[in-house]
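Please look over the protein chain shown here. A short report on its structure follows.

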Amino acid sequence: MIAILLLSGVLSDLSVALGDRAVALANAWKIEEAEQLARQAFEEAIACDDRRGLARALEAQSFTERLRGRAESALELAEESLAWAEDDDGRARAHNAIGRVYADLLERPEFARSEFRLTLAVPVQDRRILARAWLNLGNLALAERDLRDARDAFVKAGEIASRANDLEGQIAAEHNVGLTYAFQNDPKRALESLKRALDLDHRAGDAQQARILLSMSEAQRALGADAAASETLTRARRAATRSGDRGALSTILLRQGAFDQSEAIARALSDDATLALIDAYRAKKMLAAGKWREAAELASRAATIAESLDQAETLVLAASTAGAAHRRLGNVTAARGSFERAIEAVERQRLSVAGGLDARLRFFEQELSPFAAIIDLLVANGDAAAALTYAQRAKARIIGDARPSNRRARRPRAGEAFVEYSATGESVYAFVVTTNGTRVVTLAQSRARIGALAVKFARELAERNLAFRPTARLLHDALIAPLQLGSTSRLVIAPDLDLWLVPFHALIGPDDRFLIERATIAYAPSGALIADAERRTSTRVLLAANLPDGAKELAAISNVWSPRPSVMNDASEGKFKSEARRFDVVHVAAHGVYDDTDPLQSYLAFVDGHLTAREVLRLKLTPRLVILSACDMAVGKPAAGEGLVGMTWALMIAGAETIIAAKWEVDSETTTRLMVEFHRALANGSSPADALRVAQLSLLRTARSVHPFYWAAFADVGGGN
């Protein structure tokens, strides 16, 4: 009897071991071998009446059926595995297997999530099972673009896998963290995680190498390292071929342009999402070859399939390609409809992007092509008003999201013009909005030429270069003269890209006068955000300083206000953050530092610490006006779709209506004079833009200050109220 019991135990261990091996082979995409071992495990378990081994064999069979795309049999086998399971580990594995079928094949995420949570509720001995459940929950969150929850789940999976000496789980967790960063449009951090995953993968023996290399290639391409991306993709193809991972191989072949080979594999796997993407790429190739009708038909079909599968990235590519093809065919209505379809998909994606404002900023910057295409189309078709709507929709979306929904954009007043610049491809448009309506001017100079002049002019002014005048005239001729503004006395300018570097008020017209001598100039991230300032019955003013001459500046400013402002000399960061929200006007005289590697790490220095732009984003501000009497606080990184990202951008998101800030390192003495004159005009009832003009003209008329370096650094950003 003892010998029989021992033999039964050996057979039980054998059937479980065979099931484990079958699962490992299935994970390595060796499906035929996995199926054979799973059947052998099943037969061994039946032979010795081993319920534990039978549950593991059924789970392995469910796994291979799932990889074959056979949902019904995969679910039935997983449920049988649960019915036969005798221990907690077996039950937990079965719940995981059932969840995978619901997630991967039946597209029932709510059922899948329930099964994965049941797995986590079981008191298992083998904690590798818990790592798999967290990975599966993370994958669900990733598919739903809930990136914060996805990353948290993957990190949890990695921690559990590390404690359980589960190298395969660690690899999957690190890889998926990298994918999360990729979805957040942060390819640099994605690549860091993917490299760690690849290092672990080498130690494990090529468990997931093809897919990790494929993800690395995408991250490298996003960083502009095309040669490295191509080399990595070749390595991925070799790894996928060795491992038999046909899903990865299909995607790799697609990225390499081998559409026919990719399609053959995708059809064998019934992978409709990849088939739609293949058609989108084929249509794009047809478009480049001048086969416009075929491109339009194929791209439209791919867009419809992508939409039905909720594949937003494919939908944007396909619909944009269809729009371009229809435009070539002269079908304006169809082209506009296709571009609008792509834009709607971008908007849906934008709203689902997690990971904070940094991620949303990076996402929108990369998804502006359908906006540019529809602007080009509408301008060519003579519909300036509709084109302006899309130009504004393509700008300052994050700032717009942060603004109260009941704030309505205002129309220009008499003598005022709103000028919205929009750069698309090599063209630059200027939309001019006045009381007479909207018109559009296509600038004669190319986007590249205007951008080069903008960079040159900004550098000349910041360096006090006496040879700035020719550049100032060239930019006036390129940007202002074609607009035929006549006697306009107020301009609110919404720049685009490198035009944010241009202090328009320092441009010089044909009469040899600066533009500020003819008009009040203000700036706005988008014409859609120009709104009437909130009317307030009183003006509460806070003056805060942390500069050697700061107390002197605050004392001089304080004298022009009645009642006297609140003054905070040697200001602390904590007190400033708690006090600033109680005032209508906040003036800060502090050392400012712009970080060109990470603009949101730019900061204002207080006695006890640095207030960064990233911290400002989390503040809830109520001031209608913030004045930064500091260096470099109106500079930033020109970002497509958002304007100049830095301290001013952060303050607008935090709630400030208007910001007065400097574009370069300013002179202390003349800045104090400018600020006193500014506050005097402000206290007498002038708007911030008009008050700044008064102060700048006062300095301009002083011989020592005639160079724009001294008076033109500061700008009104908000809308000219």
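Asn165 is exposed, because its relative accessible area of 70% is over the 50% cut-off. This comes from a predicted model. Find Asn165 in the loop that runs between helix 8 (147-163) and helix 9 (167-183).

Now check its backbone. Phi of Asn165 is near 55°. That is a positive value, and Asn165 is not a glycine. In general, most residues other than glycine have a negative phi.

Asp512 sits in the loop between strand 4 (490-494) and strand 5 (520-523).

Is Asp512 buried, exposed or partly exposed? Its relative accessibility is 41%. Asp512 therefore counts as partly exposed, since that class lies between 20% and 50%.

## A cis peptide bond

Go next to Ser562 and Pro563. A cis peptide bond joins these two residues, with omega at about 0°. For comparison, most peptide bonds are trans. Pro563 is placed in a loop. Helix 25 (550-558) and strand 7 (566-568) are the elements on either side of that loop.

## Two helix residues

Gln61 belongs to helix 3, which covers residues 51-67. Gln61 has a relative accessible area of 15%, so it is buried; the cut-off for that class is under 20%. Which residues does Gln61 touch, leaving out those up to four places away in sequence? They are Ala38, Arg39, Phe42 and Leu77.

Ser668 is in helix 29 (residues 668-683). With a relative accessible area of 40%, Ser668 is partly exposed. Compare its place with that of Arg582. In sequence, Ser668 and Arg582 are 86 residues apart. In space, the distance between them is 28 Å, C-alpha to C-alpha.

## Space inside

How many cavities of 30 Å³ or more does the structure hold? There are 3. Empty space of this kind can be traced with a probe the size of a water molecule, rolled over the atoms.

Take the second largest cavity. It contains about 90 Å³ of space. Its lining is made of 13 residues. Phe576, Leu611, Leu621, Val626 and Leu651 are the lining residues that lie nearest its centre. Strand 8 (585-590) and strand 12 (625-628) are the elements that give two or more residues to this lining.

## The whole chain

The chain contains 31 helices and 16 strands. Its C-alpha atoms fill a box of roughly 110 × 60 × 40 Å along the principal axes.

Take the contacts between residues at least 6 apart in sequence. Of these, 66% join residues at least 24 apart.

## Surface and charge

The chain exposes about 30,900 Å². Carbon and sulfur atoms supply 49% of that area.

How many positive and negative side chains are there? The chain has 91 positive and 93 negative ones. The centres of the two sets lie 6 Å apart.

Technical notes
Residues are numbered from 1 along each chain as its sequence is written. This is a predicted model: local features need pLDDT of at least 70, side-chain atom pairs count only at pLDDT 80 or more; totals for chains, interfaces and linings use all residues. Side-chain values use heavy atoms; hydrogens and water are left out. Helices (H or I, at least four residues) and strands (E, at least two) are DSSP runs, numbered from the N terminus. Contact means heavy atoms within 4.5 Å. Accessible areas come from the Shrake-Rupley method with a 1.4 Å probe; for residues, only the protein chains shown count as cover. Lys and Arg count as positive and Asp and Glu as negative; His and the chain ends are not counted. The place of a charge is taken as NZ of Lys, CZ of Arg, CG of Asp or CD of Glu. On a 1 Å grid over the protein atoms alone, a cavity is a set of points where a 1.4 Å probe fits but cannot get out, and a pocket is an open set with protein on both sides within 12 Å along at least five of seven lines; lining residues have an atom within 4 Å of a point. Grid points are joined across faces, edges and corners, and a volume is the space filled by probe spheres set on the points. Buried means under 20% relative accessible area, exposed over 50%, partly exposed in between (1.4 Å probe, protein chains only).
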